[in-house]
Amino acid sequence: MADNARAKKLADLIREVVAEKLQRGVKDPRLGTHVTITDTRVTGDLREATVFYTVYGDDEDRASAAAGLESAKGVLRSAVGRAAGTKFTPTLTFVADALPENAKTIEDLLERARTSDAQVREVSSGAQYAGDADPYKKPDEDADDSDEDAAAE
């Protein structure tokens, strides 16, 4: 089993080679400049690599890019094998990265929180406290005088 540093180094190499090959070597019009390689992970035995990608465009562009990547998998694996120089070239699996969708969800939630905070700030701008200006209890002066009178008797 390989160490983690070697797997990370191979993952970085695979990411660079696949991105370069997609940009310059693969002539598939489905891939073009719409595909971005975001991350690559390699298993500990260096046999399998998962390549995460994002696609700029709508669902139709994402589906065509996924088909294009599957059809170019052999060419990309060959390029990785030449660049890596390892005994066994890892198999490539392409997975659409969920990062843009997660980021959009977080942005929507933050915007809802900002809107809610603005509404609360607007409602509370003219509000007053429910209690007295001085919320702390103070001993009554009249009660002190009556206590002293009762003690004197």
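Predicted model: local features only at pLDDT ≥ 70, side-chain atom pairs only at ≥ 80, totals over all residues.
Biologist: What should helix α2 span, and how far apart are its end C-alpha atoms?

Modeller: At 1.5 Å a residue, the 13 residues of α2 (residues 59-71) should span 18 Å. The end C-alpha atoms of α2 are 19 Å apart, which agrees.

Biologist: Which residues of α2 are buried, and why do they line one face of the helix?

Modeller: The general idea is that an α-helix has 3.6 residues a turn, so residues three or four places apart point the same way. In α2 the buried residues are Ala 65, Gly 68 and Leu 69. Seen down the helix axis they fall within an arc of 95°, so they line one face. The face turned away from that buried side carries the exposed residues Asp 59 and Glu 60.

Biologist: What covers the buried residues of α2?

Modeller: The cover includes the helices α1 (4-25) and α3 (73-84), together with the strands β1 (35-42), β2 (48-55) and β3 (91-96).

Biologist: How many bridges join β1 to β2, and do the strands run parallel or antiparallel?

Modeller: There are 7 bridges, and the two strands run antiparallel.

Biologist: Is Thr 40 buried or exposed?

Modeller: In a regular strand the side chains alternate between the two faces of the sheet. Thr 40 lies in β1. Its relative accessibility is 6%, under the 20% cut-off, so Thr 40 counts as buried. Beyond its neighbours within four places in sequence, Thr 40 is in contact with Ala 11, Ile 14, Arg 15, Thr 50 and Val 51.

Terms used: Residues numbered from 1 in each chain as written. Heavy atoms only, no water. Helix = DSSP H or I, 4+ residues; strand = E, 2+ residues; numbered from the N terminus. Expected span 1.5 Å × (residues − 1). Buried < 20%, exposed > 50% of the residue type's maximum accessible area, 1.4 Å probe, protein only. Arc of directions from axis to C-beta. Contact = heavy atoms within 4.5 Å. Pairing = 2+ DSSP bridges.
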